Amino acid sequence: MVLGPFGVTEAEERAYRFVLGVPDCTVAEVADGTGAETGAVRRLLRTLEAKGLVCRLPGAPARYQGAAPSLAIEVLALVRHRQIEEAKLATTELTDIWVAAERDRQVPIEVVHGRDANTQRFLHTQLAARREVLTFDRPPYVEEGIGPQHDLQLRRMTEGIRYRTVYDRASLAEPGQMERVFALARAGEQARVYDGVPLKMLVTDRTAGLVPFTVAGVRRSVVLDESPLLHALASLFELVWERAAPLWSSAPTGLDPVNERLLGFAAAGYTDESIARMTGLSKRTVERRMRQMMDRMGARTRFQAGLQAGRSGLLG
């Protein structure tokens with residue numbers, strides 16, 4: 001299924017696909033074509049109409065036709081974007097409530113100061129994780145912390161800790177970052193890329209978190225215990241995760257390793273010129289390899305190739 005990241009259920013997408021292929025269809029035809037009960041189909045069509053995926057035609061019996069996929073997906077993406085912006089506003093409001101409550105209790109908010117102290121706290125927080133680590137990753141980076149973080153994450157994943165990371169598009173252009181991210185994905189990290197990750201963040205088991213920031217050149221991190229603010233940040237992560245593009249799968253794909261990297265970058269929206277610059281390949285080589293993969297998948301566009309790769313599990 002393709003529309004899951006936009007909040008469309010499998011049943012809704014099946015109905016939408018049927019209506020796209022059978023214009024001016026009735027409720028009974030959709031029910032026959034999808035194997036669903038008539039009452040359930042009526043509810044599905046009402047939901048799809050509210051989401052802008054189908055429209056009801058005048059007259060009786062009720063007939064439906066599907067909205068053009070390009071327009072429908074754009075509308076769904078705008079709705080998701082609005083939800084993310086609303087979540088950001090809610091996070092700000094919850095922060096105010098939390099800070100006021102802590103002030104009334106005269107409990108100080110812990111802030112870690114300094115580059116070395118932040119690097120150490122970042123690693124120790126992951127060492128305490130028992131199930132899952134959620135990360136928003138974006139520049140700038142502490143150069144001295146990159147190697148230890150990479151090694152620790154590899155070790156923790158072998159110990160059964162699940163890592164999900166949303167990388168800002170700009171972070172993959174950092175020197176050496178592409179190789180590190182690809183290696184982590186191969187070791188089990190679930191990685192996605194998003195243009196405009198809102199903040200740097202680490203959340204472990206949804207009970208502890210760190211939000212790094214820099215003031216006047218000094219590295220700092222706000223330390224979060226389980227609280228409404230932490231829960232709001234975890235919800236923000238899930239919203240961005242749904243909209244982010246998958247990078248690479250941790251399972252073997254059968255693709256040439258170079259082609260697999262190119263496909264991940266293409267699905268994330270990078271141009272051939274950008275991909276060539278990040279991989280060290282020539283633009284002509286990138287174009288040739290992308291054309292070969294598109295032909296192999298029967299795709300006319302890079303976007304279609306990305307969708308085909310996502311459906312077949314090549315991108316996680």
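Residues are numbered from 1 along each chain as its sequence is written. The model is predicted, so to speak: local features need pLDDT of at least 70, side-chain atom pairs count only at pLDDT 80 or more, totals for chains, interfaces and linings use all residues, and side-chain values use heavy atoms, with hydrogens and water left out.

Me: What is the order of the strands in the open sheet of 3 strands?
Reply: Strands are DSSP runs (E, at least two residues), numbered from the N terminus, and two of them pair if DSSP finds at least two bridges between them. The edge strands, β1 (25-26) and β2 (54-57), each pair on one side only. Pairing is antiparallel, and the order is β1-β3-β2.

Me: Which residue in β3 stands opposite T26?
Reply: β1 and β3 (residues 63-66) run antiparallel and are joined by 2 bridges. Opposite T26 stands R63.

Me: What angle does the direction of helix α3 make with that of β2?
Reply: Helix α3 (residues 38-50; a helix is an H or I run of at least four residues) packs on the sheet. It touches β2 and β3 (contact means heavy atoms within 4.5 Å). The angle, on a scale from 0 to 180 degrees between N-to-C directions, is about 110°.

Me: How are α1 and α3 oriented to each other?
Reply: A11, E12, A15, Y16 and V19 in α1 meet L44, L45, T47 and L48 in α3. The axes (lines fitted to C-alpha atoms over the stretch in contact) come within 10 Å and cross at roughly 80°. Angles of 65 to 115 degrees count as perpendicular here, and α1 and α3 are therefore roughly perpendicular.

Notes:
Parallel < 35°, antiparallel > 145°, perpendicular 65-115°, else oblique.
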